[in-house]
Amino acid sequence: MIISVVSGKGGAGKTTIATSLAHIFQADYYDLDVDAPNGEYFLQPENETIRAVSQQQPEINESLCSACGVCTKECRFNALYKVANHIYLTETLCHSCNLCREVCPEGAISYKQASIGKVRTGHSGKTGARTIIGDLDIGSTRGTALIQDIVQRIDSPGTVVIDGPPGNSCAAVAAIKPADLVVLVAEPTPFGIHDMLQTLDILKDLQKSVVIIANKSQGDEQLTSVLAERGLKLAASIPLKTEHHKALLNGEILSQSDQQICRLLQQAVAAEIDKP
Amino acid sequence: MIRQIAVMSGKGGAGKTSVTAALLKLLPEVVAVDGDVNASNLPILLTLQKLSESSYYAMDVAHIDTESCTRCGRCAEICAFNAIDLDEQGNYSVNDECEGCAACAWVCPEKCISMVPHCSGTKYLSQLENGFLLHADLIPGEDNSGKLIASIRKQARTVATEKSLDLILIDGPPGTSCQAISSLTGVDMVLAVLEESLSGLSDYRRLAKLMESFRIPHLVLINKTGIDPELGKRIETVVAENGGEIVARIPFDMEIPRSLSRRETLLDLPAYRPVIENLCEKLFPHS
């Protein structure tokens, strides 16, 4: 059973809910918010092992290259350019698509492994379950590739909780695709509702079942009515409280510091897990 | 000379859009960019009138003409994105993983693969009371958000030049990957909004490294302060170590999200108006 926690809007509380679910269900926790991974501050991984993740990237053999410029013309990402009889690669634009290697008449382009990030696997000092943290190299644009690399290797026998990235682009989709159940965390504000609706479009396309949880709530009327128009309803609502913020900013797991919320989340998600 | 300033944070929900909207309302003249194209929230807080919109075609995608395909499979072999499916009848087709690289079209011996335009969003130019806003809606789930940001930023520079406006203010996306990089390249200054929490601090560190690699100076606004003074001290040290200067602080106050829910900005809360006015003076000394 793979549960992906997403939100559309950043700061809605994905990590708060994901770490709580990892605690409640003793689940393995996958942090796929790879360019801002924060779950570790809550779960406190121990004994981590590190796996480097790399991706193929073109390398130009200067002694073979005739600087004919075919690769720069054919590359659809403008990742290759020619200056003074030299071909250069802009790594942040390259998609590792193999085209330049194919088109080069001199066979001067080969592919080499280049680092995009690492995956740290350990055990949470707080839940005992495994923690798998995706950690993108700073300056790398290959966040989605790193997410896909980790997703392909999910091997946990029991329940898995994925903490997804914010937004509604390809990175979010990569974190949603493997899910059996999506937990959508919505902040009941105009921002939160706007971004949640976009995420709901993605979930509909991918035909994912969803549990919607309101967080930082100071009133759910607007959110509930928007959801009702789509035949959906809130499974739980967590109020905005100074005590919660205080617990979170120091890395406490919300379901551990608040028993009531622990029960609320357990009921909201367990009902869906038990469905055949 | 056009000056470009980006409001960034690393962590989502730190307060980028709230701060940007308030700054925009104070400036006499400005071209604004909403760089968070797949969760575009700046228009929600601003009074604007759409002047024009256009579909955004980031990339062509591959299309296989099944009639002339000989099913040799070279396209599926070369594709780096698993974007070519083979169905039970043995027909090849392109799925939505296609990134538009055209490698399949190049290797196809029958030349039966064509590259066709693919819409990945809509771009807008809107009129503000004191300038213009460039924004966009990426179609949910689409790729190429970084390219879309680059495209509306380019348009912002054109508008600024045409209208003789010398300031572009960018509301950045969360994170430090492709969209953040696309929002940052070539800006003169970053305002980093740092949420006072362990997560906020961690994401600020990543952002600071990214800014350093681009050699972009930054100022810092600390948001949601006052809950844990010890953490506050630690954050001050880290900001100083990373060459940032703290220029504003906004406390954790439940009235702020309530006010945002009424679509107000920080300027509408008397306690915070002076904070934003001071910040504006620091960021734009001659505006």
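Across the interface of chain A and chain B, 25 residue pairs are in polar contact, both residues being at pLDDT 80 or more. A polar contact is a pair of N or O atoms within 3.5 Å; within protein, one must be able to donate a hydrogen and the other to accept it, and residues adjacent in sequence count only if both atoms are side-chain atoms. The model is predicted: local features need pLDDT of at least 70, side-chain atom pairs count only at pLDDT 80 or more, and totals for chains, interfaces and linings use all residues. Residues are numbered from 1 along each chain as its sequence is written, chains are lettered from A in the order in which they are written, and side-chain values use heavy atoms, with hydrogens and water left out.

**The interface**

On the side of chain A that touches chain B, the elements giving two or more residues are α2 (40–43), α4 (99–103), β7 (130–136), α5 (143–152), α6 (170–176), α7 (190–205) and α9 (242–249) of chain A. Here helices (H or I, at least four residues) and strands (E, at least two) are DSSP runs, numbered from the N terminus. The largest share of that side, seven residues, comes from α7(A).

Chain A brings 58 residues to the contact and chain B brings 62 residues, where contact means heavy atoms within 4.5 Å. The area buried between the two chains is about 4,800 Å², and carbon and sulfur atoms give 59% of it. Buried area is the accessible area (1.4 Å probe) that two parts lose on being put together, summed over both. In chain A, the residues that lose the most area to chain B are A:Arg76, A:Ile138 and A:Phe191, together 15% of what that side buries.

Between chain A and chain B there are three salt bridges, each a side-chain nitrogen of Lys or Arg within 4 Å of a carboxyl oxygen of Asp or Glu. A:Asp135 forms a salt bridge with B:Arg206, and their closest N and O atoms are 3.1 Å apart.

**Cysteines and a buried helix**

The whole structure has zero disulfides over all chains, a disulfide being a pair of cysteine sulfur atoms within 2.5 Å.

| Cysteine | Closest cysteine sulfur | Distance |
|---|---|---|
| A:Cys71 | A:Cys68 | 6.4 Å |
| B:Cys72 | B:Cys108 | 6.1 Å |

A:Cys71 is buried, at a relative accessible area of 9%, whereas B:Cys72 is partly exposed at 42%. Buried means under 20% relative accessible area, exposed over 50%, and partly exposed in between (1.4 Å probe, protein chains only).

In chain B, nine of the eleven residues of helix α1 (residues 16–26) are buried, so this helix is largely enclosed by the rest of the structure. Among them are B:Lys16, B:Val19 and B:Leu24.
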